[in-house]
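The structure comes first, then the details.

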Amino acid sequence: MNHLFHPFSLGKLTLKHRILYAPLAGCSDFPYRKMSATYQPALQYCEMVKMDALVRNHETTLHMLDYSEDMRPIGAQLCGSKPALAAQAARMVEDLGFNVLDFNCGCPVDKVTKDGSGSGMLRTPDLIGEMIAIMVAAVKIPVTVKIRAGWDEKSINAPEIVKIVEQAGAKAICIHGRTRQQGYKGPANWDYIKAAKEAATSIFVIGNGDVLDGPSAQKMQQETGCDAVLVARGTMGQPWIVEDILRYLRGEPPLLRSLEEYRKALYDHFLWGRSYYNEHQLCLAMRRIGCWYLKKSAGTRQFRELISRVKDPKEAEELILHFPLGNRVEEEEEKVEICESTISSCCS
């Protein structure tokens, strides 16, 4: 029996099941997490923030760490490569009331890796251990870490890093089954997650990469032995994916959602954005997420083109509520991938 719907503990924190939602840079903002909270993932995160900016009390960075009580348990994810900042940044996260602190060693984008941060840390495994040890000593909340399998296919070092961070006191490590060199191209290699799990003694190993529904979540757990799964891009336009996965694992029939339910979800997302952002920010957000929810029906191509250019919230609202859409289309040739611009902006 698959154990992903069973509770598990990170230090003193008990999670009610094992389906977690990833921090997605540029995506998992406050409205996104309000949508996710409705369906109760075991744990979700704010967007990744840089240690340097946090310790300077950078206003935008602090704003990215906004959360509401219904989002609990809630995690913050830090990115950086300077041990001198690790303790202060970790304590700031704890003082803000977060339940979990995660250290990002997986973001592949150049602007993050150029100073050795994100997946650049994969080239300095001992520094990862040093950063984790400092943060663990500084806070009482559980500290976790997220990595990729390695910098490239010739330098797969996830099992080595598992041992290092386990020794440093991390409670869990999430392994993304792609290398930094891959970015988001090609399939995730779950064998790397399996190898990391086999290297672990006491630390929880969380699998990440290509979990898009119940069958893929179950398959990952069965093939790798991972203790939990982290859903990343699968949450985009599907805030209810945790519900779908848990129903599948329990052998319950899937919930078939109508096109109008997808439209309503997009409108709910719009309303959360309107309550949080100014008008310009809201338009930018809707250009980004407008293609997430309505991907599987006739007429959506024109809808995506129009919403990607909206300049006024009223225009966006009118499109969402009244744009004519055909019946849902399930044929493979009609399926539309999530906007490439969105994918390239998200770190997972």
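## Largest cavity

β8 gives the most to the lining of the largest cavity, with 3 residues. Strands are DSSP runs of E, at least two residues, and helices are runs of H or I, at least four, numbered from the N terminus. β8 (143–148) and β9 (172–176) each supply at least two lining residues. The volume of this cavity is about 60 Å³, and its lining includes Y45, D102, T144, V145, K146, I173 and C174. The lining divides into 8 nonpolar, 2 polar and 2 charged residues.

A cavity is a set of points on a 1 Å grid over the protein atoms alone where a 1.4 Å probe fits but cannot get out; lining residues have an atom within 4 Å of a point. The whole structure has 4 cavities of 30 Å³ or more.

## Second largest cavity

This cavity has a volume of about 50 Å³. Among its lining residues are D29, P31, H269, G273, L282, M286 and I289. α11 and α12 each give two or more residues to this lining, and α12 gives the most, with 5.

## The α11 and α12 pair

α11 (residues 259–276) and α12 (residues 279–293) pack at about 160 degrees, with axes 10 Å apart. The two helices are therefore roughly antiparallel (angles over 145 degrees). In the contact (heavy atoms within 4.5 Å), H269 and G273 are among the α11 residues, and L282, M286 and I289 are among those of α12.

## Basis

Residues are numbered from 1 along each chain as its sequence is written, and side-chain values use heavy atoms, without hydrogens and water. In this predicted model, local features need pLDDT of at least 70 and side-chain atom pairs count only at pLDDT 80 or more, while totals for chains, interfaces and linings use all residues.

Methods
Axes fitted to C-alpha atoms, helices over the stretch in contact; angles between N-to-C directions. Parallel < 35°, antiparallel > 145°, perpendicular 65-115°, else oblique. 1 Å grid on protein atoms, 1.4 Å probe; cavity = no way out; pocket = protein on both sides within 12 Å on 5 of 7 lines; lining within 4 Å. Points joined across faces, edges and corners; volume = space filled by probe spheres on them. Nonpolar A, V, L, I, M, F, W, Y, C, P; charged D, E, K, R; others polar.
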